[in-house]
Amino acid sequence: MTKFTLVLDLVDTATQLAGVQVKERDILASCLQQQEHGEETPVLPPDASHEDKLKYLMDILDWLGSQEVRDWILDSGIAPGDDLDEFVPELLFHKLNPPKVMFLRFCAIIAYALGLQWQSINQKHSYHMFACAIHIYERIVRTSRTLEFSNDLIMSRTIYTHLLEYTIEHHSYDSAIEYGSKLVALHDAHDDILDLKNLYDTLTLLGKAALALNDRAILVNSLSRRLEILRQNDVLPEPQQIVDQSLETQLMLCKEILKHNEHRGDALLSVTHGQLAINLDKRLFGESEVPQNELPPKISKTTIDPEARFELLFLTGKAFYKYCLQLAGGIENASSPPIAVMKVQNMPSIKALLENAALYLDDALVWISHLKSENMTPRTLAIQRAVIDVELREEENAKKLLLEHNVYPSVLSSLSKKDCPPDLSPVLCSPEAVKRLLSLAPQPLIKERIVLHRRSTAMGSRRPPIQCSYCLMSVREPIHCDNCSTVFYCTEECKQDHREQHELDCSKGENGWTQTVKENLSTVAEAIPFFN
């Protein structure tokens, strides 16, 4: 048997253990034949065990004659998070000519085959072998593009997948993000090796790692890409189709995008996927809650979830409003009503966006009675809907909503505070819109003010002397009205904001406030605790 034949058999056996085919085996064998080797070559015995296969592959590394590469693959221990360049042999930094490329490629195949053999014995060793293999392939692809073989990229994709699965399983999420991102980039850059099933699974694992690290940008992007694959799944060849392509899965992805994108900057993404989610929800469960035996035949026989439907409608309506504010310069800087300062191609009018927001919030009213969350109440929806009315210059509608739900100035003033009540935290509103709402909010009746006052002082041993006539906050050093001196405020801002409403009482003169008390209380005696 000639040396060339021995080398060729060696190549075939090693690549079979790695589960790959090297189409350019003749070239690889001829390059290896140029090495100075002994007469005896490694032999894989029949019915070889795991140990026999491992010994055979390690003997090949010894046979190849590069002690540096051999020690790197067999002796150094690479773990997730390690800097691979710290362990790489000097050979990989040299200029790579065809014989060196072939030599390194074969070393990578052996390292990968070793990784497969170690998987059932020692996963740490397996990870190390895969890391060595992928580093070689990265070097080959980066520096020898004109020499790369067709299976280099496929091998890279396969090894990246192993590394990603290992890092996810062992909670090394930073490394998982790195490998997952490289794998997605590999798919995007090379259409000839695109495998949508592999890409979909990669995006799923990448999203899991991003969620663990609270990286919402990567998470939302992975969810969007997965949804995009599912929506084009029907036109793909059957071998590439995703198994779980149901409408329920698409709806779940849309909900996740809405949830995790709510506090990020891209409101248009939420608008797009919110509309899609509502359409999918209606296709699955129908337009409204009906008995299951009356569902159309194409509708899933699954009980509708009212809370989920409300959340979709509320978040989508809020996303439309947020997009308006972004076009108007951002939430903090937007005017009221919003005026677009950004120019976006095919941008709809601000009014059209606000009207869409109003429609979705009105639909949410249908499901408001099913809510059981303390963070989302009818008052929450009423305030958000009133905000849209104010932005649409429909102040009377906003005023009516605020009155129906007893939304007083003290409630609205807490919108801009960090420690606002839980049911107000979901409300989106620009500072300018808050100011306009404050001018429309109803003032509590005298009896209600007395109750508020008593509640605010019941737990204390000392009763505060008076409350601000605008925000109802207790105040010990009040600022009185310059004209009548019968109403008091905590700050000059409250005094100015209350001026328009107070002018009617103030015009009555010094007895105006007393007369108002008499009109609202059955007896003067009931009012005494309020003034003490």
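Colleague: Why is H480 called partly exposed?
Modeller: H480 has a relative accessible area of 38%, and because buried means under 20%, exposed over 50% and partly exposed in between, with a 1.4 Å probe and protein chains only as cover, H480 falls in the middle class. This is a predicted model, in which local features need pLDDT of at least 70 and side-chain atom pairs count only at pLDDT 80 or more, while totals for chains, interfaces and linings use all residues. Residues are numbered from 1 along each chain as its sequence is written, and side-chain values use heavy atoms, with hydrogens and water left out.

Colleague: What makes the place of H480 a strand, and which residues does H480 touch?
Modeller: H480 belongs to β3, which spans residues 479-480; strands are DSSP runs of E with at least two residues, helices are runs of H or I with at least four, and both are numbered from the N terminus. Leaving out residues up to four places away in sequence, H480 touches S485, V487, F488 and K495, where contact means heavy atoms within 4.5 Å. H480 and K495 are 15 residues apart in sequence, and their C-alpha atoms are 8.3 Å apart.

Colleague: How do you know that E138 and K182 form a salt bridge?
Modeller: The closest N and O atoms of E138 and K182 are 3.3 Å apart, which meets the requirement that a side-chain nitrogen of Lys or Arg lie within 4 Å of a carboxyl oxygen of Asp or Glu. E138 sits in helix α6 (residues 123-143) and K182 in helix α8 (residues 173-189), so the pair ties together parts that are 44 residues apart in sequence. E138, at 17% relative accessibility, counts as buried, whereas K182, at 30%, is partly exposed.

Colleague: How do you know that the structure holds zero disulfides?
Modeller: A disulfide is taken as a pair of cysteine sulfur atoms within 2.5 Å, and the structure holds zero of these.

Colleague: What makes the largest nonpolar core a core, and which residues have the most contacts inside it?
Modeller: A nonpolar core is a set of buried Ala, Val, Leu, Ile, Met, Phe, Trp, Tyr and Cys residues joined through side-chain atoms within 4.5 Å. The largest such set has 136 residues, and those with the most contacts inside it are I73, L114, I159 and L412. Helix α5 (residues 98-118) gives the most to this core, with 13 residues. Apart from its neighbours within four places in sequence, I159 is in contact with Y112, F130, A133, I134 and Y137.

Colleague: Why are V341, M342 and V344 called a nonpolar patch?
Modeller: A patch takes residues with over 30% relative accessible area and no salt bridge, joining like charges within 9 Å and nonpolar side chains (Val, Leu, Ile, Met, Phe, Trp, Tyr) within 5 Å. V341, M342 and V344 form such a nonpolar patch, with about 250 Å² of accessible area together, computed by the Shrake-Rupley method with a 1.4 Å probe, where for residues only the protein chains shown count as cover. V341, at 57%, is itself exposed, and its place is the loop between α13 (306-327) and α14 (350-364).

Colleague: Which peptide bond is cis, and where does P337 lie?
Modeller: The bond from S336 to P337 is cis, with omega near -5°, and P337 lies in the loop between α13 and α14.
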